[in-house]
Amino acid sequence: VKEPYSLWRKMVRLNAEQVRAAQGSSSNSNSAIRIQGDTTTSGNSKDNNNGRTSGTISASKTSLTVLDVPDAMALRVILKSKPSYSPISSLSPTEQQAQADRDLCYRVQTIAFQNFPPCDNERIKDYIRHPKPNGYQTLQYSSNVHWMGVTWPIEFQMRSLDMHRVAEYGMAA
């Protein structure tokens, strides 16, 4: 489960996006969204304390729960393939190991898809074939798990041990 502050920030951002969408084109697109207590507000009104303009559109109809954050729960699978070396390959032993690790990640993703189908194809990310500029590599996607009569969003991540080290301790950290 995401750490509380990270989850809270994501819920606030999603709530602000819902408020903006609810406003539509009826208000100024440059108006700021801010947090007031535990309510997200936007729009224009007079602030009683200092006379500045501040937000007034309540987000009470668009309040979010942890179930609205697609990656509030995540399962990270860190893999390491068995070392194998083929002398007839043009790749070095290190490159062969990295290729075997990448292949294993895709194999595990296929198995995960069979057991937990993706809920949205736009949330399937392949950062192994297309790594981020900072070196971050992983396969990730969102799915839903049904438990105790509730549908819970969950994110799956598959990466090798070397990819994990870069993500946690390298440039991607």
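Strands β7 and β8 (residues 139–147) pair in the antiparallel sense, over 2 bridges. The model that shows this pairing is predicted. β8 is also joined to β9, again in the antiparallel sense, by 9 bridges.

- Asp126 has Leu139 of β8 as its bridge partner.
- Lys125 touches Thr138, Leu139 and Gln140, leaving aside residues up to four places away in sequence.
- Between Lys125 and Ser142 the C-alpha to C-alpha distance is 9.3 Å, with a separation of 17 residues in sequence.
- Lys125 has a relative accessibility of 28% and therefore counts as partly exposed, since that class lies between the buried limit of 20% and the exposed limit of 50%.

**The β8–β9 hairpin**

- β8 and β9 form a hairpin, and 2 residues lie between the two strands.
- Across this pairing, His146 stands opposite Thr151 in β9.
- Met148 is found in the loop between β8 and β9.
- The phi of Met148 is positive, at about 55°, although this residue is not a glycine.
- Most residues other than glycine have a negative phi.
- Met148 has a relative accessible area of 67%, so this residue is exposed.

**Helix α3 and its buried side**

- Helix α3 spans residues 161–169, and Met163, His164 and Ala167 are buried in this helix.
- These three residues lie on the same side of α3, because they cover an arc of only 100° around the axis.

**Aromatic residues and charges over rings**

- Across the whole structure, a search finds 4 aromatic pairs.
- Phe113, Phe116, Tyr141 and Phe156 are linked by ring pairs into a cluster.
- The ring of Tyr106 has the charged end of Arg129 over it, at 4.6 Å from the ring centre.
- Tyr127 has Lys132 over its face, and the distance to the ring centre is 5.0 Å.

Definitions and conventions
Residues numbered from 1 in each chain as written. Predicted model: local features only at pLDDT ≥ 70, side-chain atom pairs only at ≥ 80, totals over all residues. Heavy atoms only, no water. Buried < 20%, exposed > 50% of the residue type's maximum accessible area, 1.4 Å probe, protein only. Contact = heavy atoms within 4.5 Å. Helix = DSSP H or I, 4+ residues; strand = E, 2+ residues; numbered from the N terminus. Arc of directions from axis to C-beta. Pairing = 2+ DSSP bridges. Phe/Tyr/Trp six-rings, centres within 6.5 Å; stacked < 30°, edge-to-face > 60°. Lys NZ or Arg CZ within 6 Å of the ring centre and 35° of its normal.
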